[in-house]
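Please walk through the structure below with the text beside it. The paragraphs go from the overall fold to single residues and pairs.

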Amino acid sequence: MSPAGKPRADAERNRAQVLTVARDLLAERGEQVQMAEVARAAGVGVGTVYRHFPTRQALVEAVAEERFAAILAFGEAQCLPDPDTRQALTAFLHRIGEVHENERGLSGAIESVLGSTAPQGEVSTRLLAFGETLVERGKADGTLAAEATVADLYMIVGALATVSRAAIGDWRRFVDIALAGLRPRD
């Protein structure tokens, strides 16, 4: 720590490097990745990894939080500004499908270590608020049925993650089918 109580710049760089490497390794090889491998690949000592992440669970939690924060950042930057709610919802769900398709090993590691692939803590609260915003906007502009809820959206997100992660057919088609189910009835 620096005198002001903030982590030193090199410590922050090391932490960021460890997280990046851990995410890549976990995405590629899943739960088999060990802390020593992360340290080697990050170019730091294993003590550095443990200083930032005292347990493997703490490392996986940090990688998962970073992953969910990136999904949220995409949603806020790319989806919320889109005036077409259907396109915004489709783009958000496509991002989730892509993440799970490209990072199957990471999803497996998160589930194995944390017992769930659902977001936790503050990022979970923020994702829920983001989803609520899209759902309410969709109900207001007639894109979504009046009875649609954020719980419906997150049920779709959970199913999409499973379809994409397990390669159970075409997840893009699943998105189309799921969103069709939320449309208003005549």
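This is a predicted model: local features need pLDDT of at least 70, side-chain atom pairs count only at pLDDT 80 or more; totals for chains, interfaces and linings use all residues.

Residues are numbered from 1 along each chain as its sequence is written, and side-chain values use heavy atoms, with hydrogens and water left out.

The protein has nine helices and zero strands. Helices (H or I, at least four residues) and strands (E, at least two) are taken from DSSP runs and numbered from the N terminus. Read from that end, the order of elements is α-α-α-α-α-α-α-α-α. The C-alpha trace spans about 65 × 40 × 25 Å along its principal axes. Of the 186 residues, 39% count as buried. Here buried means under 20% relative accessible area, exposed means over 50%, and partly exposed lies in between, with a 1.4 Å probe and protein chains only.

The charged side chains come next. A salt bridge is a side-chain nitrogen of Lys or Arg within 4 Å of a carboxyl oxygen of Asp or Glu. By this rule there are seven salt bridges. One of them joins Arg23 and Glu103, whose closest N and O atoms are 2.8 Å apart. This pair links distant parts of the chain, since Arg23 is in helix α1 (residues 9-29) and Glu103 is in the loop between α5 (85-102) and α6 (104-114), 80 residues apart. Both Arg23 and Glu103 are buried.

Glu103 also forms a salt bridge with Arg67, and there the closest N and O atoms are 3.2 Å apart. Because Glu103 lies in the loop between α5 and α6 and Arg67 in helix α4, the pair ties together parts that are 36 residues apart in sequence. Glu103 is buried, with a relative accessible area of 13%, and Arg67 is buried as well, with a relative accessible area of 2%.

Another salt bridge is formed by Glu37 and Arg29, with the closest N and O atoms 2.7 Å apart. Why does Glu37 count as buried? The reason is its relative accessible area of 18%. Arg29, in turn, has a relative accessible area of 32%, so Arg29 is partly exposed.

The next topic is aromatic rings. A pair of aromatic rings is described by the distance of the centres and the angle of the planes. Rings of Phe, Tyr and Trp (its six-membered ring) pair if their centres lie within 6.5 Å; planes under 30 degrees apart count as stacked, over 60 as edge-to-face and the rest as tilted. How many aromatic pairs does the structure hold? It holds one. Phe92 and Phe130 form this tilted pair, at 4.7 Å centre to centre and with 55° between the planes. Phe92 lies in helix α5 and Phe130 in helix α7 (residues 121-141), so the pair ties together parts that are 38 residues apart in sequence. Phe92 counts as buried because its relative accessibility is 0%. Phe130 is buried too, with a relative accessible area of 3%.

Glu61 is placed in helix α4, and its relative accessibility of 37% is why Glu61 counts as partly exposed.

Some single positions remain. Leu134 lies in helix α7 and counts as buried at 0% relative accessibility. Gly121 is also found in helix α7, but at 51% relative accessibility Gly121 counts as exposed.

Last comes a backbone angle. Most residues other than glycine have a negative phi. Ala167 has a phi near 55°, a positive value in a residue other than glycine. Ala167 lies in the loop between α8 (150-165) and α9 (171-181).
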